[in-house]
Amino acid sequence: MIIVCGEALVDLIPGDSPADWRALPGGGAANAAIALNRLGARAPLLCRLSRDHFGRMLRAHLEENGVDLRWAVDAPEQTTLAFVAFDDSGSAEYTFYAAGTADWQWSPVELPSQTAGACVHVGTLATVLEPGASVLRSWLRARRGQTVVSYDVNVRAVACPDMDAYRENARGWCDVAHVLKASADDLALLFPGRDPVEAAQALVEEHGLRLALVTLGGEGAVAVLPGREPLRAAAPPVDVVDTVGAGDAFIGAYLAELERRGFLEGPAALEEMGPDAASEALVFAANAAALACTRAGSSPPGRAEVEAALGKAVS
């Protein structure tokens, strides 16, 4: 089982006129949980869902996509909102209305006490915004010896513009995690002037990570294992609509492949993963992310779609 931990929020997407906005379910954790479930993995979402209109919309959307909400907290606070803008390449930029909202108000009693044999995937704003970020990190630090921890840094500078603080926070999470996922843009913000793959290699060496994944947009993706040369996968050519949720589709697909192969049963199992398995999962994830870019908003592909794309590429 892969427990996904973090935010479920509402993306407000611009329409055809300045007054036209569409409210769509979003949030890195929610998107990743849906991606995992569409790929056949068991992935409950550990989140805090508001009782307001948007919270009810999010709950219905997650349940419709087969996401197990056994650990979803019924929260009195309001739903977090993210206003989304797109540049000419389809890349998304976000403005968050997140002060005091439901996603960040974690208390230790709301978190499951048993996670042995599972993987916990956490990231984005849930690992940055207090008071919840510190609660989540303490909870996972206590479970690191028995539970694989996956961390998606997914930098949102508009929510925390102090990059020095963001960098120290990311390093703190790398001390807890076994798996790191970051985009080239994330690493450029955190470590300006450094090649993103070299930055990922340094994080692996300095923090004892077992795996670092770097997405490079149209240039594909890279996997870094301790003591080995980086593994690379090309980005399949697609007609990009937008990139919303592409990173979540990528990490969801990668973790789904690791679970299918038995590498997420515990930290010791992850250490058994060699470069062949890591490379094959990388290709699978790159294809899943590419398919996600062909749709508006966050809409990760199912396993049959990814396998069909892989089969087409091979033929």
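## How α4 meets α6

Helix α4 passes helix α6 in a right-handed crossing. This is a predicted model, so treat what follows as a guided look at that prediction. To find the two helices, look at residues 163-176 for α4 and residues 196-207 for α6. Their axes lie 9 Å apart and pack at an angle of about 55 degrees. The helices α4 and α6 are therefore oblique to each other.

Which residues of α4 and α6 meet? On the α4 side they are Arg 171, Cys 174 and Asp 175, and on the α6 side they are Leu 203, Glu 206 and His 207. By residue type, this contact of α4 with α6 has three charged, two nonpolar and one polar.

## How α1 meets α7

Now turn to helix α1, residues 28-38, which packs with α7. The angle here is about 45 degrees, and the axes are 8 Å apart. That makes α1 and α7 oblique to each other, and their crossing is right-handed.

How do the residues of the contact of α1 with α7 divide? Six are nonpolar, three are polar and one is charged.

## Aromatic pairs

A pair of aromatic rings is described by the distance of the centres and the angle of the planes. The count for this model comes to five aromatic pairs. One of them joins Tyr 94 and Phe 96, whose ring centres are 5.8 Å apart. The planes of Tyr 94 and Phe 96 are at 15 degrees, so the pair is stacked; planes under 30 degrees apart count as stacked. Are Tyr 94 and Phe 96 buried or exposed? Both Tyr 94 and Phe 96 are buried.

Another aromatic pair is made by Phe 250 and Tyr 254, and this one is tilted. Centre to centre the distance is 6.4 Å, with 35 degrees between the planes. Phe 250 and Tyr 254 both sit in helix α7, which covers residues 246-260. Because Phe 250 and Tyr 254 are four residues apart in that helix, about one helical turn separates them. Both Phe 250 and Tyr 254 are buried.

## An aromatic cluster

There is one more group to look for among the rings. Trp 21, Phe 83 and Tyr 97 form one aromatic cluster.

How values were computed
Residues numbered from 1 in each chain as written. Predicted model: local features only at pLDDT ≥ 70, side-chain atom pairs only at ≥ 80, totals over all residues. Heavy atoms only, no water. Axes fitted to C-alpha atoms, helices over the stretch in contact; angles between N-to-C directions. Parallel < 35°, antiparallel > 145°, perpendicular 65-115°, else oblique. Left-handed = near helix turned anticlockwise from the far one by under 90°. Contact = heavy atoms within 4.5 Å. Nonpolar A, V, L, I, M, F, W, Y, C, P; charged D, E, K, R; others polar. Phe/Tyr/Trp six-rings, centres within 6.5 Å; stacked < 30°, edge-to-face > 60°. Buried < 20%, exposed > 50% of the residue type's maximum accessible area, 1.4 Å probe, protein only.
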